[in-house]
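Colleague: I would like to go through this model with you, one question at a time. Please give the cut-offs as the terms come up.

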Amino acid sequence: MARQVLVLGATSAIAQEISKLLARDGDRMFLVARNADKLAIVAADLRVRGAGHVEELVADLDDPHRVQRVFCGFLLRLLLGLSPTRLIGLSSHFYTDPE
């Protein structure tokens, strides 16, 4: 059974290597990183390597409240079993900056 994995700092070298191992098993990946360009490259690579599904979220996690929103959004997806398209309206509460 494929796992659902939240990867914070997804563009770091260690996160990329671990994500590659998980992608081989067809796991569903939820990637979070600051740099959108690097994140897109990492996500594309994981798709090619066999990840069951890859989602990208660009966020700077220097603020604990932002980390909490990202984590809560991920947990909601797991607990409610919502697909990415069905969670868009709900997730915007968790994934957008209050600024």
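Colleague: Which residue of S2 does Leu6 stand opposite?

Modeller: This is a predicted model, in which local features need pLDDT of at least 70, side-chain atom pairs count only at pLDDT 80 or more, and totals for chains, interfaces and linings use all residues. Residues are numbered from 1 along each chain as its sequence is written, and side-chain values use heavy atoms, with hydrogens and water left out. S1 and S2 (residues 28-33) pair in the parallel sense over five bridges, where strands are DSSP runs of E with at least two residues, helices are runs of H or I with at least four, both numbered from the N terminus, and pairing requires at least two DSSP bridges between two strands. Within this sheet, the residue of S2 opposite Leu6 is Phe30.

Colleague: What is the strand order of the open sheet, and why is one side of S1 and of S3 left without a neighbour?

Modeller: S2 and S3 also pair in the parallel sense, over six bridges, and Glu56 in S3 is the bridge partner of Leu31. S1 (4-8) and S3 (53-58) stand at the edges with a single partner strand each, so one side of each has no neighbour in the sheet. The order of the three strands is S1-S2-S3.

Colleague: At what angle does the direction of helix H2 stand to that of S3?

Modeller: Helix H2 (residues 36-48) packs on the sheet and touches S2 and S3, a contact being heavy atoms within 4.5 Å. Angles run from 0 to 180 degrees between N-to-C directions, with axes fitted to C-alpha atoms, for helices over the stretch in contact. For H2 and S3 the angle is about 175°.

Colleague: Which residue forms a salt bridge with Arg3?

Modeller: A salt bridge here is a side-chain nitrogen of Lys or Arg within 4 Å of a carboxyl oxygen of Asp or Glu, and in this pair the closest N and O atoms are 2.8 Å apart. Arg3 lies in the segment before S1 and its partner in the loop between helix H1 (13-24) and S2, 24 residues apart. The partner of Arg3 is Asp27.

Colleague: Is Asp27 buried or exposed?

Modeller: Buried means under 20% relative accessible area and exposed over 50%, with partly exposed in between, using a 1.4 Å probe and protein chains only. Arg3 has 42% relative accessibility and therefore counts as partly exposed. Asp27, at 1% relative accessibility, counts as buried.
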